[in-house]
Amino acid sequence: MKEGIAGKVIYRKDYTTYPWDIKQLDLHFDIGIETTTVRAQMEFSLKQGPGTRQSIVLNGSDLQLLSISLNGQELTEEDYIVEAEKLTIPDAPSSSILKTEVKIHPSQNSALEGVYLSGEFLLTQCEAEGFRKITWFPDRPDVMTTYTVTLEADQSAFPVLLSNGNELDRGELAGGRHWVKWDDPFPKPSYLFALVAGDLALVEDHFTTRSGREVSLRIYVEEENLDRCEHAMESLINAMRWDEERFDLEYDLNVYHIVATNDFNMGAMENKSLNIFNSKYVLARPDTATDVDFQGIEGVIGHEYFHNWTGNRVTCQDWFQLTLKEGLTVFRDEEFSADMQSRAVKRIRDIRDLRSRQYPEDDGPMSHPIRPDHYSAINNFYTATVYQKGATIIRMYHTLLGEDGFQKGMKLYFERHDGQAVTCDDFLKAMADANDVNLDRFGRWYSQSGTPQVKVTDHYDAATLTYTLNLCQHTAPTHDQQEKQALVLPFAFGLLADDGQELPLQLENEAAGKPGARLLIMEEEQQQFTFINISEKPVPSLFRDFSAPVKVIYDYSQQQLAILIAHDTDAFVRWDAAQRMAETAILEQRKNHSENTPMSLDPSLVKAFRGVLSDRQADPALLSEALILPDEDYLAEQMDVVDVDGIHAARCFVKKALANELMELFKQRYAEYNDGQPYQKSAQSMARRSMKNVCLSYLQETEVGESLASAQLSSSDNMTDTLAAIRNLIFMGSPVAETALADFESSWMDDVLVMDKWFIMQAIKPGRETVDRVRKLMDHPAFSIQNPNKVRALIGVFAMLNTTGFHADDGSGYEFHADRVIELDGLNPQIAARMASAFNRWKRYDENRKALMQNQLQRIASVEGLSADVAEIVGNALQ
Ligand code: BES
Ligand code: ZN
């Protein structure tokens, strides 16, 4: 990697072990909003053994050091060196007790890392490197120790004082103060430390583990949110049960805390027994949260709970191994959600997400393997690649080894590594050893970036009844890596006859044909499979269930796609065929648009959609997925030079034409699901609502749209239907939209989470006028640039989801956005860097837009004192 503006680069190959063991860490916090004092005592013992001496190196950032002593000796400034956020004590004895005392300032912390203030309570966020903002310590995941934590504070302002582990003791002090002492018996890395101090309300339930342990489950929220915790609690109990049943993993302490905060950089954090959550992933009531929110809560609660084993009991050796815990835990939360609801729908949503977020990332300036080789700001590597592609790679182990083989591998992984900080290679080895297979070649998935393309060609010989499938894989060079190798690809597939029946499959060397799907393994660049006794020219159903994260190139005819849509047994293939058909139709019209030829609607798409709308058997949630047209970003990825306006126009045209062509059917299905039944939380009701609202979004393109949406809005008893109705009114430019927005605002003005939705609806409205609206909304009393949820709702949504607004060809969207990145960088570099990545794909646009975006990137890059986070993103983009 070239030296850019990004500054210091850390390399995976430079890993060395920490020379010391730390036997115990005792922390004492004297809590205050303006100033908190932290006393730390730790026992160092040299790994190499007694007798020798070695320097002790600690990390610290923004700490005001009050005192430091080693083995009872107060140290003076000559005894240690502080530079570049490191403190070094040279030549410490092999067994040493270090004591420090520092001051920190929570209320001035706008980066939301370390100890910070949210509303009226204090809390922490330490992953990845936030612990160094709390006290001097080797802040790296391979240094694990047990913690005791004493929290001392004013009793009336901070009645609740929480940290990891079990409560050991508590007491009162003079002057209205009190203290609570916590003890976490499990050794942990510093990134899993947490504390919470404030006046919070409690919702409590309990869970009995399979072996009979009584666990108290406690969700802490601000008082006014007490009636919004039920779903989170239910999700937690489901997650605990599921992990026992499916993974044979039990919870290991007697208490599990979840605290909800409105001020959080991420979704949630798995601190040992003290999870901290963005309130978006805890609080829900049918009138405040959508079905997607409810499902999100289930998934994130599950995810953080599952980390207790995959992340906490076994953690990462270094941050390059992040996918070891995140990819694996995302796989686990995906499976949990799939087991709780409709597996097929969950799978399709996850695949859609991977393709529309991770594929572009892997093709852009931030391309990296799921286990990166270098970084300058680790926070930039909590990416769709590490998470979602990482989960897909775990899923491939599962596909290759089967459920039993995979579980054997997990069991061995825990037997070998419980209590350790390990690597992705250790995980692979456990999987391989437990199943007695060689996975060395599979391991290339950890080190190679980019999305492989698989070109499929086939030939049917009617005379000999043989069918040959030819697969050729190729990964194009990426920004970070030129040379690519062949990867192991599980290839699940089937063959369909013209009438949609599945043909029996018989490979050349097999005695008899077997009906149903087949799993073959592709390991070479090119491979051929020959099948015999194939009675007719088949339609291939490829990479069923998305068995490998590749782009499949096969020249399907519309006729073949229609057969797959109507008959395939694999839900992913059916959905994917519908997406392909719609994609072809839209991109075709995009061409017409650019050539000023009239646009027209492909009759095979109408026919396929009519089939979907008439399907009375399938789960309505699945049908609704099939009816959602590929989004503009996904379509943009299919073009060499993105035609922003053409894609928008063509997609609108196709949607409107379909709506008018199939209006009667859309109306029928809408009426059928808009049955006036009161709201229910069940998966079945959610499925009906999703189909109903997809129908409504088509009908919005017709003359009945406005009256249907208005009627839905006035009769709605839940947030899903309310939002769908208002969104439709906004998109169709209805005058009713403004009244609806104003009513919504006055009903929910004091509700921070619901107001996020109000901002999103306005930021997402297509067109170049939106930038002015967004700018004005920044002055709205419910907006705050300091709050990540607000920034994501208004600024993030505008830049990432509003293609015609952000990419307005006068550059107004770009300029506005670059101003926000610069403004945010001074407050919260992590969020600023996320926002800056909206420019990552700039090289794929027309000359005019390219120049405009490049200008803005350069403007950001030239800001003095730019954070390492933003510098890395912008530096890579400009390279
Ligand atoms: N460990 C992460 C949270 C995290 C990441 C905190 C980086 C600070 C820095 C947590 O387990 C996580 O992955 N959360 C996800 C949600 C999850 C469902 C994928 C998140 O916050 O987006
Ligand atoms: Zn995670």
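Q: How far is a nitrogen atom of ligand 1 from an N or O atom in the side chain of lysine 325?

A: This is a predicted model, in which local features need pLDDT of at least 70, side-chain atom pairs count only at pLDDT 80 or more, and totals for chains, interfaces and linings use all residues. Residues are numbered from 1 along each chain as its sequence is written, chains are lettered from A and ligands numbered from 1 in the order in which they are written, and side-chain values use heavy atoms, with hydrogens and water left out. A polar contact is a pair of N or O atoms within 3.5 Å, where within protein one must be able to donate a hydrogen and the other to accept it, and residues adjacent in sequence count only if both atoms are side-chain atoms. For lysine 325 and the nitrogen atom of ligand 1, the separation is 3.5 Å.

Q: Which residues come nearest to ligand 1?

A: An oxygen atom of ligand 1 is 2.5 Å from a polar backbone atom of glycine 267, and an oxygen atom of the ligand is 2.7 Å from an N or O atom in the side chain of tyrosine 387. Of the 15 residues around ligand 1 (a heavy atom within 4 Å), those that come nearest are Glu127, Gly267, Glu270, Glu304 and Tyr387.

Q: What is the separation of the C-alpha atoms of threonine 475 and glutamate 127?

A: Threonine 475 is in the loop between β26 (466-474) and β27 (489-496), strands being DSSP runs of E of at least two residues and helices runs of H or I of at least four, numbered from the N terminus. Threonine 475 has a relative accessible area of 8% and is therefore buried, a term for under 20%, with exposed over 50% and partly exposed in between (1.4 Å probe, protein chains only). Along the chain, threonine 475 and glutamate 127 are 348 residues apart, and their C-alpha atoms are separated by 33 Å.

Q: Which side chain makes a polar contact with the side chain of threonine 261?

A: Threonine 261 lies in strand β19 (residues 255-261) and, at 0% relative accessibility, counts as buried. Residues up to four places away in sequence aside, threonine 261 touches (heavy atoms within 4.5 Å) several residues, including Phe121, Leu123 and Ile276. The polar contact, at 2.7 Å, is with serine 118.

Q: What is the angle between the planes of tyrosine 147 and phenylalanine 193?

A: The structure holds 41 aromatic pairs, where rings of Phe, Tyr and Trp (its six-membered ring) pair if their centres lie within 6.5 Å, and planes under 30 degrees apart count as stacked, over 60 as edge-to-face and the rest as tilted. Tyrosine 147 and phenylalanine 193 form a stacked pair with 6.1 Å centre to centre, linking strand β12 (residues 145-154) with the loop between β15 (177-188) and β16 (195-198). Tyrosine 147 is buried at 1%, and the angle between the planes of the two rings is 20°.

Q: How many of the 14 residues of α23 are buried?

A: The buried residues of α23 include Tyr814, Phe816 and Leu824, and what covers the buried residues includes α20 (770-777) and α25 (847-861). The helix is largely enclosed by the rest of the structure, because the number of its 14 residues that are buried is ten.
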